[in-house]
Amino acid sequence: LLADVRQLARIIESTHPDPYIRGGGKVAFHMRLDKLLHAIPEEGMDRDGFIRLLRPFLAAIGDSHTEIWSDYQVSRTMPAGIPVRFGIIEKHLYVAGVLAQDHEYLIGSILSAAEGVPVSDLIARQRQLVPLENDYHVLEELSSHTLWYGPYLKDALPEWENEDQITVTFQLPNGKSETVTFDLPVRATRTYWPGTA
């Protein structure tokens, strides 16, 4: 694992036009590299643990073309994250579709928090986990990946301890706040979308 990290750093430094500019400079890059190397335990670690260490290191480069392609194993039918489909409007994530018919009233709601963590914090954390280049890219990654798949959500939301359920707060279209606890996992075989655009 140590050799893999050193090789990764060499490849990045020798091929990237400027891997330092968005991450605080060359010294900051090597300080993060040193911290990463020291975080690897002597007994080694499993694949997911190694990916979890690498993601923030690559995110600090701030270039969406520099990322890990071999990532967590996830299930399309049992994603294990928040069981709603989010869309983006301006700087908000809204509920575009739901997996259960009794949650249709949430369609059009804006995401406020997950497990008590405000969406603004989730956005800030997302920037530390994936190399992203602009505000829209952050929201797109959150909506399509991080909030949908359990392993990614766990990285962004360490407060989430009971993976059999998740508590999410929404601002409903009528302006009221609604907190919902979803039992997990939910089979994602059907999505209920609004009847009209």
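Start by selecting Glu 115 in this predicted model: Glu 115 sits in the loop that links strand S3 (110-114) to strand S4 (117-118). Check its backbone, where phi is positive at about 50° even though the residue is not a glycine. Most residues other than glycine have a negative phi. Glu 115 is partly exposed, with a relative accessible area of 27%.

Next, jump to Ala 80, in the loop between helix H3 (47-59) and strand S1 (84-89). Ala 80 isn't a glycine either, and its phi is positive, near 70°. With a relative accessible area of 27%, Ala 80 counts as partly exposed.

Now pick His 16, in the loop between helix H1 (2-15) and helix H2 (26-39). Buried or exposed? His 16 is buried, because its relative accessibility is 16% and the cut-off for buried is under 20%. Show the side chain and two polar partners turn up: the side chain of Asp 63, in a polar contact of 2.8 Å, and the backbone nitrogen of Asp 18, 2.9 Å from a polar side-chain atom of His 16. Leaving out residues up to four places away in sequence, His 16 touches Ile 11, Ile 61, Asp 63 and Thr 66.

Then select 165-171 and 177-183: these are strands S5 and S6, paired antiparallel over seven bridges. Look for Val 168, which stands opposite Val 180 in S6. The two strands make a hairpin with five residues between them, and Gly 175 in the turn has a positive phi of about 95°.

Last stop: carry on past S6 to Pro 185, in the segment after that strand. The peptide bond joining Leu 184 and Pro 185 is cis, with omega at about -5°. Most peptide bonds are trans.

Notes: Residues are numbered from 1 along each chain as its sequence is written. This is a predicted model: local features need pLDDT of at least 70, side-chain atom pairs count only at pLDDT 80 or more; totals for chains, interfaces and linings use all residues. Side-chain values use heavy atoms; hydrogens and water are left out. Helices (H or I, at least four residues) and strands (E, at least two) are DSSP runs, numbered from the N terminus. Buried means under 20% relative accessible area, exposed over 50%, partly exposed in between (1.4 Å probe, protein chains only). A polar contact is a pair of N or O atoms within 3.5 Å; within protein, one must be able to donate a hydrogen and the other to accept it, and residues adjacent in sequence count only if both atoms are side-chain atoms. Contact means heavy atoms within 4.5 Å. Two strands pair if DSSP finds at least two bridges between them.
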